[in-house]
Amino acid sequence: MKNPIEYIIVAVPFHADAATHDELARKVNEKINGGYELCGSPFFNEEMMYQAMTKPVHPASHQPAP
């Protein structure tokens with residue numbers, strides 16, 4: 001069985017200026033610090049800019065008592 005992963009997409013409103021890229025980078029770096037990894041390149045449409053990210057899901061380190 002493959003290990004499960006958590007998949008998220010970080011999104012910010014798209015504007016044709018550097019602030020959009022800085023805001024996306026800030027949010028992505030926060031997620032990286034939380035254990036997420038980049039999944040592909042950033043992508044965008046007319047309204048939003050996105051970055052897909054994944055994180056391994058680790059089973060609980062302890063089992064509940066019976």
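This is a predicted model: local features need pLDDT of at least 70, side-chain atom pairs count only at pLDDT 80 or more; totals for chains, interfaces and linings use all residues.
I started with Met 49 and looked up its contacts (heavy atoms within 4.5 Å). Leaving aside neighbours within four places in sequence, I found Met 49 touching Val 10, Ala 11, Val 12, Phe 14, Thr 20, His 21, Leu 24, Phe 43 and Phe 44.

Residues are numbered from 1 along each chain as its sequence is written, and side-chain values use heavy atoms, with hydrogens and water left out.

Buried is under 20% relative accessible area (1.4 Å probe, protein chains only). Eight residues make up this core: Ile 8, Val 10, Val 12, Leu 24, Val 28, Tyr 36, Met 49 and Met 53. S1, helix H1 (18-33) and S4 each give two or more of them, and S1 has the largest share, with three.

Then the strands. Helices (H or I, at least four residues) and strands (E, at least two) are DSSP runs, numbered from the N terminus, and two strands pair if DSSP finds at least two bridges between them.

Which strand pairs with S4 over nine bridges? I found S1 (residues 5-13), antiparallel to S4 (residues 48-56), with Glu 6 opposite Lys 55. S2 (residues 37-38) also runs antiparallel to S4, with two bridges; Glu 37 has Thr 54 as its bridge partner. S3 (residues 43-44) pairs antiparallel with S4 over two bridges, and Phe 43 sits opposite Tyr 50. A three-residue hairpin links S3 to S4.

Note on methods: A nonpolar core is a set of buried Ala, Val, Leu, Ile, Met, Phe, Trp, Tyr and Cys residues joined through side-chain atoms within 4.5 Å. Buried means under 20% relative accessible area, exposed over 50%, partly exposed in between (1.4 Å probe, protein chains only).
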